[in-house]
Amino acid sequence: MLTVVGSVNLDLVARVPRLPAAGETLSATGFTRVPGGKGANQALAARRLGADVRLVAAIGQDPAADEALQLVNASGVLLDRIRRVPDVPTGLALIEVDDAGETTIVSVPGANAVLAVDAADLSDAEAVLTVLEVPMAAVVAAAEHAAPNAFFALNAAPAPEQALPERLLRRTDMVVVNRAEHAALGDLRHSARAARCVAVTHGAAGAVLLRGGAEVARAAPPRVQAVDGTAAGDAFTAALVVAMLHGLGDEDALRRACAAGALAASRHGAQPSLPTAAEVDEILAW
């Protein structure tokens, strides 16, 4: 069982020809409401890639809650550890996507900001994946309550405003970040005897895998026409974790992760864009 500790959002997505400059108003060419949130995205991605998944998260008691959970619920992700918080709305994300697939995202945390994690949430977790779209206390609690032999992965996104707690890094088996997040975290080599493995994504240029600060694998994504990069990082992260849990080597795992991220970027919306294992197999066979 892979337990994902993270956020649930309803994404409000506006399509625009280009991203607006500061102070500029543009007319949208389209608008959609799509389930999202990095935790829910990664839980659904891992489920579509063949893992048994439980999601630990917090939502409101508003109509947006069921809308935000629609796809993860339909996929078979276990939702018995979802907290419905009174008097706090479900999280929202305000997203602009331009014709080149570039995005701007403003997150409104809502119930995500009050998520708490206890030992019962992780009682049968063979692996744990968490993100920084929930309180740091919840992330640290997930690390502390995970079984000693459970694989623990941290997608350090969005970039933290302060250094990650040393006790969190000491427990982390793998950190996944993009270039900006990697720079924000500084040198992980020493604090993360900890992060035994660090995956750094570079967009269309692919990704690298580091162990002890040294590069051990590099992969490029298949060529696709990018239309929406909202969930590409989530697809990458989930695919890398699932591949490693299935025992793939570093290079093969990284190739699958890059392929999953590319497929997600080639489709509109966050959760609707997430690929299945068969789709990843197919694009890698090209």
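Author: Two strands count as paired when DSSP finds at least two bridges between them. Keep that rule in hand. The structure above is a predicted model.

Reader: How confident is the predictor, taking the mean pLDDT of the protein chain?

Author: The mean pLDDT is 94, and 97% of the residues reach 70 or more. One stretch falls well below that. Over residues 189–193 pLDDT stays under 50. The model has four contacts beyond four places in sequence for those residues.

Reader: What makes strand β9 and β10 a pair?

Author: Three bridges join β9, residues 151–155, to β10. The rule asks for at least two, so they pair. The two strands run parallel. Leu154 has Val175 in β10 as its bridge partner.

Reader: What lies with β9 and β10 in their β-α-β unit, and which hand does the unit have?

Author: Helix α5, residues 166–171, belongs to the unit with β9 and β10. The unit is right-handed. Right-handed means that, with the strands pointing away from the viewer, the path from the first strand over the helix to the second runs clockwise.

Reader: How many bridges join β10 to strand β11?

Author: Five bridges join them, and the strands run parallel. At least two are required, so β10 and β11 are paired. Asn178 stands opposite Thr201 in β11.

Reader: Why is β10 called largely enclosed?

Author: Four of the five residues of β10, residues 174–178, are buried, so the rest of the structure largely encloses this strand.

Reader: In which sense do β11 and β12 pair, parallel or antiparallel?

Author: They pair in the antiparallel sense, over five bridges. Cys197 stands opposite Arg211 in β12. The two strands form a hairpin with five residues between them. Gly203, in the turn, has a positive phi of about 60°.

Reader: What follows with β12 and strand β13?

Author: Five bridges join β12 to β13, residues 214–219, and the strands run antiparallel. Leu210 stands opposite Glu215 in β13. This hairpin has two residues between the strands. Gly212 takes a positive phi near 60° there. As for cover, four of the five residues of β12, residues 207–211, are buried, so β12 is largely enclosed by the rest of the structure.

Reader: Why is Lys38 called buried?

Author: Its relative accessibility is 15%. Buried means under 20%, so Lys38 qualifies. Lys38 is found in helix α1.

Reader: How do you know that the side chains of Lys38 and Asp234 make a polar contact?

Author: The contact is 2.6 Å. The cut-off is 3.5 Å between N or O atoms, so the pair meets it. Beyond four places in sequence, Lys38 also touches other residues, including Ser7, Val131 and Glu133.

Reader: What makes helix α1 largely enclosed?

Author: Nine of its 11 residues, in the run 38–48, are buried, so α1 is largely enclosed by the rest of the structure. Among them are Gly39, Asn41, Gln42 and Leu44. After α1 comes Gly50, whose phi is positive, near 110°.

Reader: Is Ala238 buried or exposed?

Author: Ala238 has a relative accessible area of 0%, so it falls under the 20% limit and is buried. Its place is in helix α8, residues 232–245. Not counting residues up to four places away in sequence, Ala238 touches Gln42, Ala45, Ala46 and Leu49. Ala238 and Ala46 are 192 residues apart in sequence, but 5.1 Å apart C-alpha to C-alpha.

Reader: Why is Gly30 called partly exposed?

Author: Its relative accessible area is 25%. Gly30 is in strand β3, residues 30–36. Beyond four places in sequence, Gly30 is in contact with Val13, Ala14 and Arg15. The C-alpha atoms of Gly30 and Val13 are 8.2 Å apart.

Reader: What span does helix α9 reach, and what is expected?

Author: From first C-alpha to last, α9 reaches 23 Å, close to the 22 Å expected for its 16 residues. The helix covers residues 250–265. Of these, 13 are buried, and α9 is mostly covered.

Reader: Which side chain does Asp250 join through a polar contact?

Author: It joins the side chain of Arg211, at 2.8 Å. The limit is 3.5 Å, so the contact counts. Asp250 lies in α9. Leu209, Val216 and Met244 are among the residues Asp250 touches beyond four places in sequence.

How values were computed: Residues numbered from 1 in each chain as written. Predicted model: local features only at pLDDT ≥ 70, side-chain atom pairs only at ≥ 80, totals over all residues. Heavy atoms only, no water. Buried < 20%, exposed > 50% of the residue type's maximum accessible area, 1.4 Å probe, protein only. Contact = heavy atoms within 4.5 Å. pLDDT = per-residue confidence, 0-100. Expected span 1.5 Å × (residues − 1). Polar contact = N/O pair within 3.5 Å; in protein donor to acceptor, adjacent residues only side chain to side chain.
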